[in-house]
Amino acid sequence: MDSSSSRVVIVGGGAAGFFAAIACAGADPSREVVLLESGRYLLTKVRISGGGRCNVTHACFEPRELAARYPRGGRALIGAFHRFQARDTVEWFESRGVRLKTEADGRMFPASNFSASIVDCLLERAEAAGVEVRTSMGVNAARRADDGFLLELSDGSELACGKLLIATGGCRTPAAARWVEALGHTLEPPVPSLFTFHVETPWLRALPGIATEVEAEVPGTKLRERGPLLVTHWGVSGPAILRLSAWGARTLHDRDYRFSLRVNWLPGRTAESVREELRARRDSQPGKTVTNSPIAPLPARLWESIVAEAGIGADVRWATLSRAAMLALADLLTRTELPVNGKSLNKDEFVTCGGVRLPEVDFKTMESRIVPGLYFAGEVLDIDGVTGGFNFQAAWTTGWIAGHAMAEA
C-alpha cells in the first residue's frame, strides 16, 4: 500500500482537530497522522475561552438533555452523545491527570483554573501518540486523487493522504469555504452566534457592572430566555442575552441586529402582581421614599434608575405616590423596552452558526455522505451550542468519533 494512502491529514489545530488526531493515532499507532494549522499558535480558542480558564464542558450527562442545548445540530448529536458525551470528556481528561471542577451553574473548568492545563494535556497526548503537528501551514486547495486526496499547502508544496478531516472552525474565510465547497459540499452561510447587544438607552448605560436575573424576549419572535443579564458600557450581555443570540442567530441577523428587547426585571412576576406589591408598600411603609425601597432581589442602583425613569422623584414617599406613577413603575419593572442597534461578538467564544450541512455527514463516523474518506468535526459543521461549555463538548464528541472512524477505516 502506498504510504500516503494510509496517511490521515487533519486540517485545523483547535479542540476538534487535536481530539481527532489523538483519537486516531491512539487507536492505530501504525497510522501516520498529520495535523495542519494555518496560524502560528495551536488551540487558540481553548487558551482564551472562559476568561483564560477554558470552559471544558457542562455537567449535563443525559444525551438528549445535552443535545437540547444546541440551537443547530442538536438532533444530529443525540446519537453521537450516546457514544461520547460530557461524562466521557470528564473521564478522558481526569484519566490523563487534569482534574475538572463543576461550578454552581453547571459549567466545568480545570481545577487549576488555567486553560494551560487543557492545552498542555492535548499537546502532550498528541506528541506521545506520534501526531505530526505543523503550524503556519494552511491549505489553499484540496482535490480528490485516485486513492484519497491531494492538498495544496500554503508553502507551495503538496501533501497526499488517504483520509482527510476538516476541523477548521467556522467557515468565515472565503478561501476555506471555497475548497470545502470544491470537494462537493454545501455550506449554510455562517453568521455570528453568542454575541452581546448594543443598547444606547442612557439610564441603562449609566449602570455598567450591574447583574441581575431577568426574563428577556424579542417581541414578534419565539425568542425568550430567563437568566442573568449583565449591563455593560455598550449595552447588555450575560447568559440570558448570549442564549437569546444563539437561538436567534439567523433571525437577528436577518433584522440587521436592530430590534426591540423586552426585559422583565422581576422574572416570574406580572405587572399586576407587582402593582399589588407597590400598593401594599404604600400602606405598610408610607413614610419611606420610593427610591430607597427596592424590591428584592433587584440591585439598589438598578431600582433607583428604574424609579427615576418612571418619573418618580428622589423625594417622593410611598404615601404620596400617584396611581399613574405606580402603574408606570410596575410597567417598567416587568416590560422595559430596550432598542437594540447592533452587536459585539462575545470575546470568549467566537462562535458562528452555519457550516457544512448536517444531512451531508454520517454522524456515526463523521464521514461525508458525498465524498468517501472525507470527514468533518467541530464548528465547521452547522452545529453551535449555547454558552456554558457546549461548543467544546461538540468539538470533543465529533473529533473523538471522527478520529476513531478514520483509524478503523
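**Close-up views of a predicted model**

**Figure 1. Asp 256 has 47% relative accessibility and counts as partly exposed.** The model shown in this and every other view is predicted. Asp 256 sits in the loop that runs between helix H10 (249-254) and strand E16 (258-264). Its phi is near 55 degrees, a positive value in a residue other than glycine. Most residues other than glycine have a negative phi.

**Figure 2. Leu 194 lies in the loop between strand E11 (187-193) and strand E12 (195-199).** Is this residue buried or exposed? Leu 194 is buried, because its relative accessible area is 0%, and buried means under 20%. Phi of Leu 194 is near 55 degrees, which is a positive value in a residue other than glycine.

**Figure 3. The peptide bond from Ala 296 to Pro 297 is cis.** Omega for this bond is near 5 degrees. Most peptide bonds are trans. Pro 297 belongs to the loop between H11 and helix H12 (300-309).

**Figure 4. Helix H1 (residues 15-27) packs against helix H6 (residues 116-129), with axes that come within 9 Å.** The two axes cross at roughly 30 degrees. This angle is under 35 degrees, so H1 is roughly parallel to H6. H1 passes H6 in a left-handed crossing. On the H1 side the contact involves Phe 18, Phe 19, Ile 22, Ala 25 and Gly 26, and these meet Leu 122, Leu 123, Arg 125, Ala 126 and Ala 129 of H6. Sorted by class, the contact of H1 with H6 comprises eight nonpolar residues, one polar and one charged.

**Figure 5. Helix H11 (residues 271-284) and helix H13 (residues 323-335) have axes that come within 9 Å.** The crossing of H11 with H13 is right-handed. H11 contributes Ala 271, Val 274, Arg 275, Leu 278, Arg 279 and Arg 282 to the contact, while H13 contributes Met 326, Leu 327, Leu 329, Ala 330, Leu 333 and Thr 334. By class, the residues in the contact of H11 with H13 are eight nonpolar, one polar and three charged.

**Figure 6. Thr 57 is found in strand E3 (residues 57-58).** Thr 57 has 0% relative accessibility and therefore counts as buried. Which residues does Thr 57 touch, when those up to four places away in sequence are not counted? They are Ala 86, Thr 89, Val 90, Gly 106, Arg 107, Met 108, Gly 388, Gly 389 and Gln 393. The C-alpha atoms of Thr 57 and Asn 391 are separated by 8.0 Å, although the two residues are 334 residues apart along the chain.

**Figure 7. Cys 60 and Cys 353 count as buried.** The relative accessibility of Cys 60 is 3%, and that of Cys 353 is 0%. A disulfide is a covalent bond between the sulfur atoms of two cysteines. How many disulfides does a search of the whole structure find? The search finds zero disulfides. Cys 60 is in no disulfide, and the nearest cysteine sulfur, that of Cys 54, is 18 Å away.

**Figure 8. Ser 5 lies in the segment before strand E1 (8-11).** At 17% relative accessibility Ser 5 is under the 20% limit and so counts as buried. Leaving aside neighbours within four places in sequence, Ser 5 is in contact with Asp 147 and Gly 162.

**Figure 9. The protein chain comes to 14 helices and 21 strands.** This view gives the setting of the close-ups. The C-alpha trace spans about 90 × 40 × 35 Å along its principal axes. Of the 409 residues in the protein chain, 56% are buried. Among contacts between residues at least 6 apart in sequence, 73% join residues at least 24 apart.

Definitions and conventions:
Residues are numbered from 1 along each chain as its sequence is written. This is a predicted model: local features need pLDDT of at least 70, side-chain atom pairs count only at pLDDT 80 or more; totals for chains, interfaces and linings use all residues. Side-chain values use heavy atoms; hydrogens and water are left out. Axes are lines fitted to C-alpha atoms, for helices over the stretch in contact, and angles run from 0 to 180 degrees between N-to-C directions. Helices (H or I, at least four residues) and strands (E, at least two) are DSSP runs, numbered from the N terminus. Angles under 35 degrees count as roughly parallel, over 145 as roughly antiparallel, 65 to 115 as roughly perpendicular and the rest as oblique. A crossing is left-handed if the near helix is turned anticlockwise from the far one by less than a right angle, and right-handed if clockwise. Contact means heavy atoms within 4.5 Å. Ala, Val, Leu, Ile, Met, Phe, Trp, Tyr, Cys and Pro count as nonpolar, Asp, Glu, Lys and Arg as charged, and the others, Gly among them, as polar. A disulfide is a pair of cysteine sulfur atoms within 2.5 Å. Buried means under 20% relative accessible area, exposed over 50%, partly exposed in between (1.4 Å probe, protein chains only).
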